[in-house]
Amino acid sequence: MQINILIFGQLADIIGENKIDLWDIPDTEALKMYLQKRYPGLSDLPYLIAVDKEVISANTVLNNNSELALLPPYAGG
Amino acid sequence: MQEDKTSAIMTERKPKNIFVQGPIASSFIADSIQKHSSKKEIGGHSIFLGQVRADTINGKKVFSIEYTSYEEMALEKMHRIREDIFIKYPLTCMHVYHSLGKIAAGEICLFVFTSSAHRKAAIDACEETVERLKAELPIWGKESFEDETYQWKENK
């Protein structure tokens with residue numbers, strides 16, 4: 001199962017990409033653990049995860065077509 | 001029955017694009033005000049304008065802010081905020097515009113415009129919309145300094 005992740009703001013600086021594709025990530029907890037290991041710089045920054053444009057507050061199972069996004073603190077207005 | 005009602009509301013107010021490339025011109029704001037002269041049931045407008053501030057951070061002055069967004073999500077969220085505000089306040093209309101791209105200090109990056117028969121609803125709706133969009137819309141701002149270094153802005 002492939003998942004596509006959009007990356008915004010400061011997180012794109014840390015990860016070095018605006019978008020990454022990952023395989024075999026069953027849920028958002030697994031995603032967080034993967035990201036933490038792969039990009040240690042993320043531990044300094046709080047961020048939210050959106051699944052299909054909704055910010056999640058608990059572990060969420062991912063589907064093949066899930067649209068994921070990593071959202072650092074907002075700064076609009 | 002319930003579903004029919006909801007879909008009727010949804011059709012009435014489709015998600016509108018709020019994003020404009022570059023700063024919001026004062027002539028655009030003036031034109032928006034002018035357009036309301038035909039809506040004679042309006043008795044009060046409330047307008048909030050966000051301006052890029054030249055903050056001094058560690059002795060360096062902010063020169064511009066470059067705004068980016070997760071646009072599809074932001075428009076869905078804004079649509080929901082709009083729906084909530086229209087349910088809560090007796091508004092005639094509401095317009096919201098937010099800049100994307102590089103906006104220099106002193107330029108306008110946010111324009112929120114609410115109108116109602118009486119002032120209270122317009123003022124309260126305007127304030128609540130500004131507070132909610134700052135907290136809920138996925139928009140980011142990269143603050144550039146005069147020496148070309150930058151940092152990411154964060155809403156307090």
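Guide: A residue is called buried when its relative accessible area is under 20%, exposed when that area is over 50%, and partly exposed in between, as found with a 1.4 Å probe and the protein chains only. This is a predicted model, in which local features need pLDDT of at least 70 and side-chain atom pairs count only at pLDDT 80 or more, whereas totals for chains, interfaces and linings use all residues. Residues are numbered from 1 along each chain as its sequence is written, chains are lettered from A and ligands numbered from 1 in the order in which they are written, and side-chain values use heavy atoms, with hydrogens and water left out.

Let us start with chain B as a whole. Helices (H or I, at least four residues) and strands (E, at least two) are DSSP runs, numbered from the N terminus. By this rule chain B has four helices and eight strands, which follow one another from the N terminus in the order α-β-α-β-β-β-α-β-β-α-β-β. The C-alpha trace of chain B spans about 60 × 35 × 25 Å along its principal axes. Of the 156 residues in chain B, 44% are buried.

Now we turn to the interface. Two residues are in contact when heavy atoms lie within 4.5 Å. On this basis, 25 residues of chain B are in contact with 18 residues of chain A. Buried area is the accessible area (1.4 Å probe) that two parts lose on being put together, summed over both. Between chain B and chain A this area is about 1,900 Å², and carbon and sulfur atoms give 56% of it. In chain B, the residues that lose the most area to chain A are Tyr70(B), Trp140(B) and Trp152(B), which together account for 37% of what that side buries.

A polar contact is a pair of N or O atoms within 3.5 Å; within protein, one must be able to donate a hydrogen and the other to accept it, and residues adjacent in sequence count only if both atoms are side-chain atoms. Between chain B and chain A, 13 residue pairs are in polar contact, with both residues at pLDDT 80 or more. On the side of chain B that touches chain A, at least two residues each come from strand 4 (60–69), helix 3 (71–88), strand 6 (108–116), helix 4 (119–136), strand 7 (139–145) and strand 8 (150–152). Helix 3 of chain B gives the largest share of that side, five residues. Sorted by class, the side has 13 nonpolar, four polar and eight charged residues. Here Ala, Val, Leu, Ile, Met, Phe, Trp, Tyr, Cys and Pro count as nonpolar, Asp, Glu, Lys and Arg as charged, and the others, Gly among them, as polar.

Side chains of opposite charge can pair when their charged atoms come close. A salt bridge is a side-chain nitrogen of Lys or Arg within 4 Å of a carboxyl oxygen of Asp or Glu. The structure holds 11 salt bridges over all chains, and three are counted between chain B and chain A. In one salt bridge, Glu72(B) pairs with Lys53(A), with the closest N and O atoms 3.5 Å apart.

In another, the side chains of Glu54(A) and Arg80(B) meet at 2.8 Å, N to O. This pair crosses between chains, from strand 4 (residues 54–55) of chain A to helix 3 of chain B. Glu54(A) is partly exposed, because its relative accessible area is 31%, and Arg80(B), at 37%, is partly exposed as well. A network of salt bridges links Glu54(A), Lys77(B) and Arg80(B).

The side chains of Arg132(B) and Asp84(B) meet at 2.8 Å, N to O. Arg132(B) lies in helix 4 and Asp84(B) in helix 3 of chain B, so the pair ties together parts that are 48 residues apart in sequence. Asp84(B) counts as partly exposed, with a relative accessibility of 33%. Arg132(B) forms a salt bridge with Glu136(B) too, at 2.8 Å from N to O. These two residues both lie in helix 4 of chain B, four residues apart, about one turn of the helix. Glu136(B), at 27% relative accessibility, is partly exposed.
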